[in-house]
Amino acid sequence: MNKKILVIDDEPSIVTLLKYNLEQAGYRVFSAEDGQSGLEMVSRLQPDCIILDIMLPIIDGIEICKRLRRDSIYIPIMMLTARNEEFDKIIGLELGADDYMTKPFSPREVVARVKALLRRVKFLQQEKINQEESSIVIADLSIEPNAYLAYYKDEALDLTRKEFELLQYLVTHRNRVITRETLLKEVWQYDFSGDSRIVDVHISNLRDKIEIDSKNPQYIKTIRGIGYKMEASINEKIPN
């Protein structure tokens, strides 16, 4: 059965453009013109991906994203923003949005990014089935990949899905310098040059949650001009 995409946007021209291009790519597309209707459709349709405008009547996109993640609904969310909505864009990522596009956008790029988000979900589902339960411990930080759980000093971390995936990738490739482009490709499944600010925002969020002093990080090191590196401790436990 074709994947279901829910577009929540109050601009008919945007909805028509997205609907046409996504349907041409083989998706079933549904739409809602305000936040309240959008939330109701999420519950009723259980879409595979949501394209969510920030500026919406009744309930805005930021609040929708917040409510879905609060209720542990981890459907991939791509947010649509205007050029002057940098602050809202960052808030959306912090609340658990997986990606964003700035208006005006290329319909082909939207389709490519939706495909990337859905591939990532499929990959993670298959990985969860195939892998044996294991844990990775680095000093006071521990991760249970299949359970999607992470702990700092035995306290459960409140991570978004994308923050967890990023942390897991860094831990799995500890002591290696990872470029922003590699993280975009491996964590976000982008097959093209994406906006590396997505990586930087998520790294900043992770540091706030796992570092004693996020301005002087001990785990996630910045390698100037290149990317990031997860520093491993001699106390780490590596699974077989």
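This is a predicted model: local features need pLDDT of at least 70, side-chain atom pairs count only at pLDDT 80 or more; totals for chains, interfaces and linings use all residues.
I take helices (H or I, at least four residues) and strands (E, at least two) as DSSP runs, numbered from the N terminus. Residues are numbered from 1 along each chain as its sequence is written, and side-chain values use heavy atoms, with hydrogens and water left out.

**Overall**

I looked up the confidence, pLDDT being the predictor's confidence in each residue, from 0 to 100: the mean for the protein chain is 85, and 87% of its residues reach 70 or more. Over residues 234-240 the pLDDT is below 50, and this stretch has 11 contacts in the model beyond near neighbours in sequence, a contact meaning heavy atoms within 4.5 Å. The protein chain holds 8 helices and 12 strands. Of its 240 residues, 49% are buried, where buried means under 20% relative accessible area, exposed over 50%, and partly exposed in between (1.4 Å probe, protein chains only). Among contacts in the protein chain with a separation of 6 or more, 60% come from residues 24 or more positions apart.

**Helix H2**

I listed the buried residues of H2 (residues 35-45) as Gly 35, Gly 38, Leu 39, Met 41, Val 42 and Leu 45. They lie on the same side of H2, because they cover an arc of only 160° around the axis, taken from the directions from the helix axis to the C-beta atoms. What do these buried residues of H2 pack against? I found strand E1 (4-8), strand E2 (28-32), strand E3 (49-53) and helix H3 (61-70) as their partners. On the face turned away from the buried side, I noted the exposed residues Ser 43 and Arg 44. At the N-terminal end, Asp 34 caps H2, with a side-chain oxygen 3.0 Å from the backbone nitrogen of Gln 36.

**Sheet E6-E7-E8-E9**

I next traced an open sheet of 4 strands in the order E6-E7-E8-E9, with antiparallel pairing. Its edge strands are E6 (136-138) and E9 (155-156), each of which pairs on one side only; two strands pair if DSSP finds at least two bridges between them. E8 and E9 run antiparallel and are joined by 2 bridges, and I saw Tyr 151 standing opposite Ala 156 in E9.

**Aromatic pairs**

I paired rings of Phe, Tyr and Trp (its six-membered ring) if their centres lie within 6.5 Å, calling planes under 30 degrees apart stacked, over 60 edge-to-face and the rest tilted. By this rule I counted 2 aromatic pairs. Tyr 148 and Phe 164 are stacked, at 4.7 Å centre to centre with 25° between the planes. Tyr 148 lies in the loop between strand E7 (141-144) and strand E8 (149-152) and Phe 164 in helix H6 (residues 161-172), so this pair ties together parts that are 16 residues apart in sequence. Tyr 148 is partly exposed at 31% relative accessible area, whereas Phe 164 is buried at 2%.

Tyr 152 and Tyr 219 make an edge-to-face pair, at 6.4 Å centre to centre and 80° between the planes. I noted that this pair links distant parts of the chain, with Tyr 152 in strand E8 and Tyr 219 in the loop between helix H8 (197-210) and strand E11 (220-223), 67 residues apart. Tyr 152 counts as buried at 15% relative accessibility, and Tyr 219 is buried at 8%.

Definitions and conventions: A polar contact is a pair of N or O atoms within 3.5 Å; within protein, one must be able to donate a hydrogen and the other to accept it, and residues adjacent in sequence count only if both atoms are side-chain atoms.
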